[in-house]
Amino acid sequence: MTTETRKGSVFAIVQNLISVKINAPVMNKEICYVTCSKTGERLMAEAIKVQSGLVNIQVFESTRGVKVGDPVEFTGNMLQVTLGPGLLSKNLDGLQNDLDKIPGTFLKRGSYNVAIELEKEYEFIPTTEQNATVAAGDWLGHVKENWFDHQIMVPFNLKGKYKIASIKPKGHYKVKDIVCTLKKMDGDELVEVSMYQKWPVYLPISAYKEKKRVFKLLETGIRIMDTLNPMMEGGTGFIPGPFGCGKTVLQHNISQYASADLIIVAACGERANEVVEIFKEFPELEDPRTGRKLIERTIIICNTSNMPVAAREASVYTAMTIGEYYRQMGLRVLLLADSTSRWAQALREISNRMEELPGPDAFPMDLTAIISSFYARSGYAVLNNGKTGSITFIGTVSPAGGNLKEPVTEATKKAARCFYALAQSRADSKRYPAVDPVDSYSKYLEYEGVQEYMKEHIAKNWIDNVLKAKNFILRGKEAYEQINILGDDSVPIQYHDRYWKSEVIDFAFLQQDAFDKIDCYSPIERQKYMMEFILDICNAQFDFKGFEEVQHFFKNVINLLKQMNYSKFESEEFNEYKTKLDEFMAEKRIAGENE
Amino acid sequence: MNTQAFQKVFTSLVTITKATCTVRAEGISNEEMALVDGKPAQVVKIVGDEVTLQVFQGTSGIYTNSQVVFLGHPPILKVSDELCGRFFNAYGDPIDGGPAIDGKVVEIAGPTVNPVKREQPSELIATGIAGIDLNNTLVSGQKIPFFADPNQPFNQVMADVALRADVDKIILGGMGMLFDDYLYYKNVFDNAGALDKIVCFMNTTDDSPVERILIPDMALSAAEYFAVEKNEKVLVLLTDMTLYCDALAIVSNRMDQIPTKDFMPGSLYSDLAKIYEKAAQFQSGGSITILAVTTLSGGDITHAIPDNTGYITEGQLFLRMDTDVSKVIVDPFRSLSRLKQLVIGKKTREDHPQVMNACVRLYSDAANAKTKLENGFDLSEYDKRALSFAKDYSENILAIDINITVDAMLEHCWGLFAKYFGKHEIGIKQVLIDKYWKET
């Protein structure tokens with residue numbers, strides 16, 4: 001890799017694609033800067049193709065005012081992020097600029113900064129000693145970042161074994177200070193290590209021992225996820241849904257209540273006001289598990305829909321790379337990207353501008369491969385020191401026209417293990433979260449390790465109960481179809497019973513009020529309690545004279561169950577509603593199990 | 001747009017197509033404006049010394065040696081308080097016979113607001129229409145379109161909303177507007193005595209279709225002036241965004257780009273986002289709220305234009321003729337305001353969210369009952385009550401000709417609950433029922 005800068009000049013401009021004439025070697029994906037001679041602004045760009053001696057670069061900003069002949073300077077690097085203490089709670093753009101440091105109300109073209117404060121001092125506590133043998137990713141010592149020990153690690157790009165030549169004693173150092181010197185085991189090469197390092201975003205960080213099959217439940221407090229379609233630590237999932245189905249609300253809920261140590265929200269081509277909501281609310285909201293403010297465990301990467309399209313692709317990679325960095329410290333990282341379709345569209349715009357032959361819906365041919373290899377960067381990793389860290393990735397997909405057969409959804413389906421399909425019909429009848437209970441799935445329910453984990457940590461018959469509940473829902477749906485075809489009177493009363501029992505599960509368990517203080521977050525113990533109680537209702541037999549009575553009865557049941565959901569778990573209020581409900585049902589209950 | 005001294009003039013045109021021409025020229029900057037034989041044009045592509053220009057009014061009548069004068073700047077607008085009460089074309093030139101505007105020159109389609117410098121929208125914009133205020137509350141800094149069929153009265157509703165809303169400036173961007181509708185707006189604003197707070201950028205069906213791609217940027221540049229520099233509350237009306245997209249498709253087609261779904265350009269999402277995301281609540285107190293119209297063909301919202309719009313805007317409003325009460329209502333099922341959570345139950349009464357949801361749920365029960373009826377089944381006693389409720393709700397609350405406060409809407413709803421349902425049937429938190437239930 002050449003590191004000295006080389007200069008070229010602009011030859012052609014079409015929107016944000018510029019062709020550059022240069023008489024020197026250029027690396028594909030190399031970062032360069034175009035100077036707009038008219039205004040003096042330096043615009044960051046990335047080489048994406050070389051064709052008949054010209055280098056095509058995509059500029060991460062508007063190219064307004066650029067002229068033929070304007071200078072282009074190549075840096076010798078790919079797009080890279082700076083990794084070190086101080087990233088937590090930051091609001092970054094897709095190229096890792098700290099948005100809070102940019103002056104003025106508007107994002108002026110060509111203003112870049114380094115997100116990490118290199119001059120800031122931290123107290124460094126070494127955890128290794130001189131002469132110890134280390135390799136890439138090994139922990140050398142740590143500094144306090146917010147609430148946890150931020151590990152200073154052996155640079156990830158080093159290959160082979162190194163010996164610690166010297167390490168600084170406990171004390172305060174600047175981020176840019178050298179805290180450790182490494183010597184190559186079978187050579188003389190010396191490497192100086194400061195508290196920060198750089199890493200190219202398109203390459204996965206793989207300085208760990210191995211990746212394991214996932215097995216641990218990642219609690220989200222959302223019943224339709226945790227119980228019916230559970231997500232695992234290190235797992236992958238996606239949420240496709242037409243607009244207006246509550247994709248964003250669901251993602252916000254996950255980001256607030258998921259049992260992860262660090263949440264990275266990549267707002268990728270979505271509405272700016274949604275990010276503002278996070279900016280404003282997360283410093284106020286508390287993490288129900290630790291009591292700390294949510295913002296303390298959150299990093300926001302923000303390329304909203306009006307920010308430059310070319311930086312959109314970069315934004316998801318920036319987010320993933322930062323996630324991988326914190327995973328290396330043994331944290332459970334949850335990465336949320338809203339929405340991956342916008343990223344795919346950004347790829348399409350560029351591919352189109354480069355006049356590549358298009359694939360389905362004019363998306364690039366290698367879309368599936370790009371999406372798969374991105375999802376593959378998540379996982380549950382065993383680190384060099386035996387500790388574990390994970391990246392759970394949940395992306396949303398915005399299918400064009402709500403059609404789940406479109407290329408981005410199809411490609412993502414191949415890559416992700418959990419599928420949370422948002423249904424227009426459920427959103428229309430305000431059944432939120434509008435996750436379709438029949439179409440959605442979590443492949444993890446089939447994993448042996450997961451089943452073992454559930455048995456041990458929730459209940460012996462947990463998976464059985466989940467499957468039973470799913471079956472009740474399915475049968476209720478079938479009964480509903482029959483009722484609709486044949487009419488209320490013409491079907492046996494059991495059909496109404498079946499349908500209404502599925503409605504009980506739907507209203508009292510699947511639906512959850514994201515805007516209610518209590519109901520928005522349901523810990524797994526509470527989910528277990530409610531699931532068992534509801535299954536008990538579903539298994540019971542009741543004495544009904546006519547279908548109108550069935551309706552009336554279950555509406556009352558649903559109402560009381562909902563009141564329970566709105567009450568604090570096991571509070572007096574909660575127990576009162578429970579007793580009321582038990583008494584109400586006792587009148588109609590007949591001995592024996594249903595069917 | 002006049003030629004001035006020291007502007008670059010070239011006369012060697014090498015290519016002329018329907019909408020573009022290519023001229024040999026040097027020292028030209030990207031997106032610069034030019035005059036080709038006096039016709040406004042913009043640089044869209046530069047390859048070496050060949051500069052391709054998009055000629056907004058088409059290239060008929062242009063010679064291979066026509067004069068191409070480069071103006072040295074991208075599309076600009078002069079902004080000042082003189083804009084108020086004036087009507088302009090897509091280039092920002094007056095069309096009302098008044099004098100030219102003097103003011104600060106701004107490039108249109110300027111930079112993006114830094115998201116961390118935005119304020120969270122939190123001010124309710126009351127319209128008096130329950131389909132909006134009660135079910136889909138408008139918030140300052142929001143962007144929301146009407147999805148409407150061309151025969152629906154969206155222009156009237158927009159004008160009503162604009163005049164009732166408590167804002168400092170109203171900026172109307174008309175794209176492909178029928179001349180009659182243009183006069184309608186002019187009259188309505190004039191009669192309401194509101195002309196001094198209106199600025200209007202107009203491209204009617206008489207003008208060239210490609211010109212209209214400049215309209216939203218012109219309107220929003222004016223809006224940014226008032227919102228950012230004067231800290232005013234600005235409401236921007238954009239109609240019809242479908243015609244704007246059609247113009248984009250024409251341009252992209254002429255630039256030989258590969259079309260995507262419904263023959264729209266691949267960049268449609270970004271193009272629309274750049275416009276709609278100009279809506280913002282600024283920290284200084286100013287705000288830009290965008291109310292747009294996207295006409296549908298046959299109510300199809302899966303078409304690329306409404307589909308992409310829906311993903312960008314903060315909700316959408318549907319108008320529907322309710323044949324049971326023969327009034328136009330704002331459809332409670334398909335309409336949505338994403339920002340309503342920021343104000344309902346906070347700036348309005350605490351029972352607002354639950355009452356709103358209960359009404360829509362009961363209204364949906366009525367819709368199911370209606371389906372049953374249409375399929376020839378007997379209705380249960382509950383179904384009948386739901387149907388009566390729906391009629392009452394539609395006629396006395398949802399209809400767009402009703403103009404009442406949010407509190408009155410909520411009171412009305414509780415009245416309807418008590419009239420048609422029992423407490424256990426409305427699915428509202430007990431504490432709220434205890435407080436607001438109206439015994440009949």
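Biologist: How many residues of chain A and chain B take part in the contact between the chains?

Modeller: Two residues are in contact if their C-beta atoms, placed from the backbone, lie within 7 Å. Here 61 residues of chain B meet 64 residues of chain A. This is a predicted model, where local features need pLDDT of at least 70, side-chain atom pairs count only at pLDDT 80 or more, and totals for chains, interfaces and linings use all residues. Residues are numbered from 1 along each chain as its sequence is written, while chains are lettered from A and ligands numbered from 1 in the order in which they are written.

Biologist: Which elements of chain B each supply at least two residues of the side that touches chain A?

Modeller: Helices (H or I, at least four residues) and strands (E, at least two) are DSSP runs, numbered from the N terminus. On chain B, the elements are strand 5 (39-47), helix 6 (268-276), helix 7 (304-312), helix 8 (352-374) and helix 9 (381-398).

Biologist: And how do the residues of that side of chain B divide into nonpolar, polar and charged?

Modeller: Ala, Val, Leu, Ile, Met, Phe, Trp, Tyr, Cys and Pro count as nonpolar, Asp, Glu, Lys and Arg as charged, and the others, Gly among them, as polar. The side of chain B that touches chain A has 24 nonpolar, 23 polar and 14 charged residues.

Biologist: Which strand of chain A is joined to strand 5 of chain B?

Modeller: Two strands pair if DSSP finds at least two bridges between them. Strand 1 (residues 6-14) of chain A runs antiparallel to strand 5 of chain B, with three bridges joining them. Look for A:I13, whose bridge partner in strand 5 of chain B is B:I46.

Biologist: Now a sheet within one chain: in what order do the four strands of the open sheet in chain A come?

Modeller: Read across the sheet, the order is 10-13-15-16, with antiparallel pairing. Strand 10 (133-134) and strand 16 (190-194) of chain A each have a single partner strand, so one side of each is left without a neighbour in the sheet. Strand 10 of chain A is linked to strand 13 (residues 162-167) of chain A by two bridges, and A:V134 has A:Y162 as its bridge partner there.

Biologist: Into which domains is chain B divided?

Modeller: Domain bounds come from an automatic or database domain assignment. For chain B they give domain 1 (8-70), domain 2 (76-341) and domain 3 (352-436). In chain B, 18 residues of domain 2 are in contact with 17 residues of domain 3. Strand 20 of chain B gives the most to the domain 2 side, with four residues.

Biologist: At what angle do helix 4 and helix 5 of chain A cross?

Modeller: Axes are lines fitted to C-alpha atoms, for helices over the stretch in contact, and angles run from 0 to 180 degrees between N-to-C directions. Helix 4 (residues 310-327) and helix 5 (residues 340-353) of chain A have axes that come within 8 Å and cross at roughly 135°. Angles under 35 degrees count as roughly parallel, over 145 as roughly antiparallel, 65 to 115 as roughly perpendicular and the rest as oblique. Helix 4 and helix 5 of chain A are therefore oblique to each other.

Biologist: Which peptide bond in chain B is cis?

Modeller: Go to the bond from B:T239 to B:D240, where omega is near 5°. B:D240 sits in the loop between strand 16 (233-239) and helix 5 (241-254) of chain B. In chain A, a cis peptide bond joins A:Y432 and A:P433, with omega about -10°.
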